[in-house]
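Subject: Structure handover

Hello,

Here is the structure you asked about. Please open it alongside this email; my notes follow below.

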Amino acid sequence: MTAVLGAATSTDMNTELSDEAAEYGRTALRAFEAAGGDELVQAAEREPEKRAGLIEPLLDEIGAWELDPRAGGDELEAAAALCRAAGWWALPYPLAERLCRPADGSTAGLVLAAGTGAGVGTGPAPAAAVAGAGQRWSTVTLDGRRGVATARPLAEGPRYGAFVAELDPEPVATSTGTGTGTEDGTADGRADAALALVLPCWTLLGMLDRALDLTRAHVLARQQFGQPLARFQGVQFQLTDAEVERVGVEELAKFALWSVQAGHGDAVEDALALRHAALEAADLVFRVTHQLHGAMGFCDETTLSWISRYSQPVRRHPLSLSATRDHLTRRIGRAGLSGPFAGPAGAAGAAARAGAGSAAGSGEEGQPR
Amino acid sequence: MGEGVATLRRELRQLVREHVPPDFLGAFTADPADLEVAQAFCRTLAERGLLCMAWPREFGGRESSPWEQMAVREEMWALHEPRGAQYMGVNWVGPTIMRHGTAEQQARHLPPISRGEVIWCQGFSEPEAGSDLASLRTTARRDGGGWRVTGQKVWTSYATMAQWCFLLARTSKGARRQQGLTVFLVPMSDPAIEVRPIASMIGPHHLNEVFFDELRVTEADVLGTVDEGWSLVQEVLAFERVGIARYARVERLLHEAPTALGDQWEKLPEELRGRWARMLVHARRARLLAYRVVALQASGRIRPDDSAAYRIAVTRLDQESAEVLMDIVAEASLPDEAGRRFRRAVADHRRYSVSATVASGSVEMQRILMARALLAAS
């Protein structure tokens with residue numbers, strides 16, 4: 001994605017990931033398959049304490065730990081492609097969070113905290129599917145305020161909890177006393193917030209890819225009234241509507257990734273826009289794919305059932321659909337999202353945000369640069 | 001998207017500011033002055049080489065890039081299409097004549113199109129042939145060296161103001177319904193053609209019935225080959241893969257809303273501002289899906305179903321955004337001229353959006369096209 005989306009500096013627009021990143025994603029997909037594919041999540045659910053031991057060597061083998069998504073360029077794109085491949089297999093591991101771990105290795109990874117203030121009680125406690133994959137986690141709010149939190153022990157088994165653990169923020173010293181995060185967000189913090197929102201959406205995209213792929217195969221194979229389900233227009237139309245949602249997420253995911261990569265001043269807003277669309281898409285895609293699978297879709301022998309259950313953590317944490325929309329609406333204020341028709345109000349809004357410490361402002365006529 | 005595109009956008013916006021009144025809501029209103037604004041604007045674009053940018057140089061174009069063409073589509077639609085009906089001649093009638101027309105047809109039709117002087121209408125749909133175009137009944141019966149055309153077209157946009165019609169009629173009965181169809185280029189001034197406007201909520205000039213009563217046509221009026229018009233029509237539709245950049249007007253109106261409402265914006269129900277934000281996300285999504293189609297087109301990898309996802313998303317956006325925008329203006333008083341102008345633009349958008357999922361190929365046809373590709377093994 002070297003040529004920028006909507007930018008005014010290049011002569012064309014390449015909406016694809018780089019060949020290297022795409023190839024890395026395919027390699028990861030094959031490696032996960034060779035290591036068990038759909039069996040991985042089932043094995044992790046049977047023996048939750050072994051999940052890190054099951055997945056980490058595999059990630060080591062494909063060089064996942066050498067990726068630095070903050071380095072941008074191919075590494076960020078490769079991280080996105082890797083997350084998408086992990087989503088395809090519902091890889092039972094907090095890959096996106098772990099890929100965003102701090103360079104000094106002081107914590108296991110990075111989790112977005114839903115609250116915006118520095119103190120306790122400004123939002124729900126952070127939570128993510130990190131149980132058993134590390135004790136201490138870095139946190140960052142949408143405003144870029146950093147903190148550290150400790151994962152609580154699992155309240156319930158993964159069959160229904162899908163490895164989600166709540167995190168207890170650790171107190172840190174601030175100028176006004178002892179709080180649970182740094183007082184002011186930084187540009188780096190906001191860039192991290194955008195990254196922590198975008199990468200899990202790539203995992204969710206991989207899950208949508210898989211759910212639709214499974215359903216396509218199912219409706220082609222399953223016969224009713226003497227013909228495949230795929231022949232019924234009622235089935236076809238549901239599937240196309242779900243596919244429109246999936247491909248829309250794919251485009252927004254690439255845009256949001258570019259926004260992070262370019263250090264765009266609106267990267268957090270772009271990431272929230274992606275998350276909003278991805279959560280809406282997930283709602284429709286899983287409703288349709290379950291419906292078209294019929295009762296088979298609930299059964300453990302059906303892969304859709306596993307993908308569907310393990311899509312829950314990323315769809316609820318760190319922000320639900322309503323919370324995502326709420327944050328997006330408040331953050332864009334009157335300015336809206338960047339784009340060719342953002343106009344003076346949009347440009348002014350982005351500039352105001354940039355003035356508050358963002359890494360970059362908006363380009364000409366509100367277009368990302 | 002290059003600096004050239006940004007410059008082009010600036011140039012187009014400047015031209016619209018200079019030549020189009022701020023309360024312009026399109027060429028197709030009850031006020032004939034609006035049509036004249038559009039016609040004059042087309043001449044202005046033509047003088048600057050901006051009307052037929054995509055055309056090959058040998059026909060007076062600039063061979064502009066797909067991204068420049070996209071920027072033109074976006075800018076024009078965002079600003080209520082000040083080219084009026086010209087996009088039809090420029091975007092597909094002209095290019096089709098370039099490919100299939102005789103030297104005489106090219107000499108006769110291309111210069112007036114490139115100067116923005118002529119309006120075309122499209123004689124495709126009929127009372128019994130909507131989405132199922134191949135079932136059309138308008139017939140061209142052999143009569144000496146030519147044909148006599150009899151039949152009826154319907155939903156024909158701009159027929160009251162068009163000088164020419166791109167007419168599809170049946171010339172013979174083939175083994176398949178798609179066979180035996182022929183395209184004729186016919187002058188609307190012929191007394192054997194009668195146009196009856198259809199009053200509708202989307203405004204005047206958009207919908208008409210056109211009756212052909214023994215219209216005399218000759219070999220010279222045939223575009224391409226007799227009986228092989230179907231493949232030509234498929235090509236025509238391919239020119240319009242991306243179609244109207246509906247998201248551009250939606251994005252512009254959504255972005256204008258807070259300015260138009262002024263202080264009242266913050267007093268809107270929070271939930272309504274949330275719906276506004278959601279529409280901005282959906283508008284961006286539609287725009288990126290359009291860019292995906294353009295990228296595929298530019299790389300020569302496009303298939304007919306590739307634009308279907310975009311078309312489904314953008315037509316839904318058109319209608320959903322209209323509902324949100326109507327609710328926004330209903331919650332505000334908007335007493336000044338700019339406010340009234342915004343309210344009128346939103347109401348116009350709402351009326352026109354009703355046709356979005358029907359016009360230029362219904363959304364169901366797009367779903368069928370997409371399903372066919374998705375389920376190719378079936």
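How many of the 369 residues of chain A count as buried? The answer is 60%, where buried means under 20% relative accessible area, exposed over 50% and partly exposed in between (1.4 Å probe, protein chains only).

First, the ground rules. This is a predicted model, in which local features need pLDDT of at least 70, side-chain atom pairs count only at pLDDT 80 or more, and totals for chains, interfaces and linings use all residues. Residues are numbered from 1 along each chain as its sequence is written, chains are lettered from A and ligands numbered from 1 in the order in which they are written, and side-chain values use heavy atoms, with hydrogens and water left out.

Confidence

pLDDT is the predictor's confidence in each residue, from 0 to 100. Chain A averages 86, and 83% of its residues score at least 70. Two stretches need care. Residues 2-12 of chain A stay under 50, with 34 contacts (heavy atoms within 4.5 Å) beyond four places in sequence. Residues 345-369 of chain A are also below 50; that stretch has 63 contacts in the model beyond near neighbours in sequence. Where pLDDT is low, the predicted coordinates should not be read in detail.

Overall fold

Chain A has 13 helices and nine strands. These are DSSP runs numbered from the N terminus: helices are H or I, at least four residues, and strands are E, at least two. Among contacts in chain A between residues at least 6 apart in sequence, 71% join residues at least 24 apart.

UniProt, in an unreviewed entry, places "domain: Acyl-CoA dehydrogenase/oxidase C-terminal" at residues 201-310 of chain A. UniProt positions are given in the numbering used here, feature names are shortened, and annotations may be inferred rather than shown by experiment. Over residues 201-310 of chain A, the chain is 77% helix and 4% strand. The end C-alpha atoms of that range are 14 Å apart.

The sheet

Five strands of chain A form an open, mixed sheet, ordered β1-β3-β4-β5-β2. Strands pair if DSSP finds at least two bridges between them. The edge strands are β1 (110-112) and β2 (127-128) of chain A. Strands β4 (residues 146-151) and β5 (residues 165-169) of chain A run antiparallel, joined by three bridges. There, A:Thr150 stands opposite A:Asp168.

Aromatic pairs

The structure holds 16 aromatic pairs over all chains. Rings of Phe, Tyr and Trp (its six-membered ring) pair if their centres lie within 6.5 Å; planes under 30 degrees apart count as stacked, over 60 as edge-to-face and the rest as tilted.

Take A:Phe163 and A:Tyr310. Their ring centres are 6.2 Å apart and their planes at 40°, so the pair is tilted. A:Phe163 lies in the loop between α6 (158-161) and β5 of chain A, and A:Tyr310 in helix α10 (residues 303-310) of chain A, so the pair ties together parts 147 residues apart in sequence. Both residues are buried. With A:Trp306, A:Phe163 and A:Tyr310 form one aromatic cluster.

A:Phe255 and A:Trp258 make another tilted pair, 5.3 Å centre to centre with 50° between the planes. Both lie in helix α8 (residues 233-261) of chain A, three residues apart, about one turn of the helix. A:Phe255 is buried at 3% relative accessibility; A:Trp258 is buried at 1%.

Helix α2

Helix α2 (residues 39-46) of chain A has buried residues A:Leu40, A:Val41, A:Gln42, A:Ala44 and A:Glu45. Their cover includes α1 (19-34), α3 (51-61), α6 and α10 of chain A.

Best wishes
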